[in-house]
Amino acid sequence: MYERKIEPCPDGFVKAGKPVFGTFSGVPERIDIRGVRNPYSAFHFLPPIITNLRIKSRLSYFFNIGEYVGCIEFFDAKLFAFEELSFWEKTSKRRYVYRALMGPRRRFIPHSLRSGFVMNRSSKRYSRISWDKEHRKFSFMFHKVGGKFVPASNAAFISRMESEDVASLTASSPSPTSRRCSLHFMQSMPIHGALSTKEKDAAARLMDDSEGICFFDMTRHYMKFHSSGEYVTGLGEIEGRRVSFRLEVSSQDAVDSYAHNSNVLFAGGRATPLPPVRITHNHGLMKSWNIQDTEGMVDLLFTPSSDNHNLISTLLLKTEYHTIFGSFEGTLVTADGEKLSFKGLEGIAKNYRIRL
């Protein structure tokens with residue numbers, strides 16, 4: 001069976017100008033890859049203060065609670081930042097989408113995992129993800145005023161980090177050469193809270209406080225000028241246990257993806273590094289996705305239900321991506337050899353192409 005060594009987190013992921021590669025347990029103090037020497041060999045004369053500008057960051061928070069499944073993502077490209085919140089009603093498959101483009105600022109997504117927050121605020125919309133390691137608290141909230149095509153919505157979720165179901169994993173990988181690197185911090189947590197929506201001229205639709213699960217991901221990488229990829233995130237309960245997983249294939253993958261990748265399964269408060277996978281959807285994005293490995297640990301079928309398609313084209317950026325809600329069935333195997341079989345587990349798939 002596939003095994004990937006898990007080591008304690010180092011005190012930094014760049015040492016003497018070289019990336020530190022590996023898979024690490026625990027929560028690092030910082031998610032920071034600045035200072036790599038000559039990450040773009042064709043421009044070896046550029047100082048780190050310039051090459052650091054090529055580091056792009058993404059922060060994601062996926063949730064499954066009560067009647068809703070969704071995610072919020074922040075993309076930090078230094079000169080601007082982009083936020084998108086998408087969530088779906090499980091039964092009706094109705095989609096709610098809110099987007100915002102933000103101007104330049106010094107740093108939108110912080111480096112510290114000891115304490116920090118990401119926030120976007122305007123006169124009509126507010127969203128904030130915050131964490132505090134000392135007080136063992138992690139929270140996500142948003143308030144969105146309705147518009148012509150989307151109703152108003154509000155939510156507040158909180159996680160207590162002393163829960164036995166909290167688990168994390170950090171993966172630092174070459175991407176795809178050993179000169180550059182990508183760094184992923186991933187954490188699965190139980191959540192408690194509620195989400196409500198309100199149509200114009202209608203009563204608010206309130207949800208009682210509920211228990212659920214979230215998957216948090218903070219990623220930094222030296223981005224190529226053209227990047228593409230797709231990943232799937234599943235989260236929910238299997239036989240009374242909170243389970244989440246992330247499986248990804250991208251143009252940033254290491255050449256030796258068996259030694260270095262960010263695929264992970266969280267189950268019962270434990271992290272299992274998973275092998276590289278193949279993701280295929282030969283009949284289109286809205287037909288079945290097959291996700292399999294060669295080690296017998298991953299065998300999944302993803303059935304799409306609703307697609308949020310977005311195209312952004314500016315002078316500095318061109319990106320096209322799909323955020324697809326659906327359900328998984330199949331099997332995953334933990335590091336202990338336990339086989340988790342399930343059907344109808346909710347999740348979200350992403351397919352993207354970026355030119356920056």
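## Salt bridges

A salt bridge is a side-chain nitrogen of Lys or Arg within 4 Å of a carboxyl oxygen of Asp or Glu. In this predicted model, R205 and E67 meet that criterion, because their closest N and O atoms are 2.8 Å apart. R205 is partly exposed, at 36% relative accessible area. E67 is also partly exposed, with a value of 32%.

Across the whole structure, a search finds 17 salt bridges. One of them joins E29, R114 and K133 into a network.

K15 pairs with D11 in a salt bridge whose closest N and O atoms are 3.2 Å apart. K15 is partly exposed, with a relative accessible area of 42%, whereas D11 is exposed at 72%.

E7 and K5 form a salt bridge through their side chains, with an N to O distance of 3.8 Å. Here E7 is partly exposed, at 30% relative accessible area, and K5 is exposed, at 64%. Residues count as exposed over 50%, so K5 falls in that class at 64%.

## Nonpolar surface patch

I49, I50 and L53 make up a nonpolar patch on the surface. Together these residues have about 290 Å² of accessible area. I49 is located in helix α1, which covers residues 48-51. The relative accessibility of I49 is 64%, and this residue counts as exposed.

## Largest pocket

The largest pocket holds about 610 Å³ of space. Its lining comprises 38 residues, and those closest to the centre of the pocket are R58, Y231, E248, Y352 and I354.

Several strands give two or more residues to this lining: β6, β7 (81-89), β14 (181-198), β16 (210-222), β17 (226-238), β18 (241-250), β24 (318-333) and β25 (339-355). The most comes from β25, which supplies four residues. Sorted by class, the lining of the largest pocket has 18 polar, 14 nonpolar and six charged residues.

Key:
Residues are numbered from 1 along each chain as its sequence is written. This is a predicted model: local features need pLDDT of at least 70, side-chain atom pairs count only at pLDDT 80 or more; totals for chains, interfaces and linings use all residues. Side-chain values use heavy atoms; hydrogens and water are left out. Buried means under 20% relative accessible area, exposed over 50%, partly exposed in between (1.4 Å probe, protein chains only). Patches are made of residues with over 30% relative accessible area and no salt bridge: like charges are joined within 9 Å, nonpolar side chains (Val, Leu, Ile, Met, Phe, Trp, Tyr) within 5 Å. Accessible areas come from the Shrake-Rupley method with a 1.4 Å probe; for residues, only the protein chains shown count as cover. On a 1 Å grid over the protein atoms alone, a cavity is a set of points where a 1.4 Å probe fits but cannot get out, and a pocket is an open set with protein on both sides within 12 Å along at least five of seven lines; lining residues have an atom within 4 Å of a point. Grid points are joined across faces, edges and corners, and a volume is the space filled by probe spheres set on the points. Ala, Val, Leu, Ile, Met, Phe, Trp, Tyr, Cys and Pro count as nonpolar, Asp, Glu, Lys and Arg as charged, and the others, Gly among them, as polar.
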